[in-house]
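Thanks for making time this morning.

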Amino acid sequence: MAKKLTRKELLKGSDEFLTFSEKAVLFVREHMRHFQYIGLGVVVLVLLYLGGNAYLKYVNKKAQETYNQAYSVLVENVNSGAEQDAASKAMALFREVIDDHGLSSVSRLAFPELAYLKFQDKKFDEAIPLYQKFLSDVPENSPYGSLARLAIAACHEEMGNLAVAEQSLKEIVSMRDDFFKDQAMLSLARVYRLSGQEEKSKEVLNELIEKYKNSPFTPLAQAYLAR
């Protein structure tokens, strides 16, 4: 049977609770300034968080608008006979996304777009660092990484840097089950041929034909070998 508490013991418990409460109130009063500072700090952090979110939303919105405008300029003028003017305007807009809205999520997509326009304008030395920047932000196994490497290799090939182009293509070919491996093999065979490595070129073409019978690049490989 549970022991019955006496009135004195019940009052003692209440007194202890009141004493604890009083001590807590006294502690808060004595340290009110500290609590005010803590509260102020929390308010500041909340304001900074809300302000940062609002700013990022604004940046993302402006960047997306500029990116869409650049893309529309290209699409609308592709067959208008004013491609050069459109390309120059689009380049300026993509550059604006990168320079003025670098914190936006869409800014990294502007790098390959601008790089492609530089490539089309035969400014290969300007296109390469843009592709490299895009590549540095792409996950290791992403197919976009292979596309960037193919583009970098194409730039170096156009510039006559065949050894560098070869190395970039080899990186793709050495990857396991890469989506663009067949295309990279065809490009590598061409680079080998341009650099006078005919036997290596034929080896790569034969490997392409054997491994990728249904590839759209297989007929091209067969045509190269038939020459």
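I will begin with the conventions and then describe each pair in turn.

This is a predicted model, in which local features need pLDDT of at least 70 and side-chain atom pairs count only at pLDDT 80 or more, while totals for chains, interfaces and linings use all residues. Residues are numbered from 1 along each chain as its sequence is written, and side-chain values use heavy atoms, with hydrogens and water left out.

Take helix α6, residues 143-159, and helix α7, residues 162-173, whose axes come within 8 Å and cross at roughly 165 degrees (helices are DSSP runs of H or I, at least four residues, numbered from the N terminus; axes are lines fitted to C-alpha atoms over the stretch in contact, with angles from 0 to 180 degrees between N-to-C directions). That angle is why α6 counts as roughly antiparallel to α7, a label used for angles over 145 degrees. The contact, meaning heavy atoms within 4.5 Å, involves Ser146, Arg149 and His156 of α6, among others, and residues of α7 including Leu162, Ser168 and Glu171.

The second pair is α8, residues 181-194, and α9, residues 198-211, with axes that come within 7 Å and cross at roughly 160 degrees, so α8 is roughly antiparallel to α9. Among the residues that meet here are Asp182, Met185 and Tyr192 in α8, and Glu198, Lys200 and Val204 in α9.

Key
Helices (H or I, at least four residues) and strands (E, at least two) are DSSP runs, numbered from the N terminus. Angles under 35 degrees count as roughly parallel, over 145 as roughly antiparallel, 65 to 115 as roughly perpendicular and the rest as oblique.
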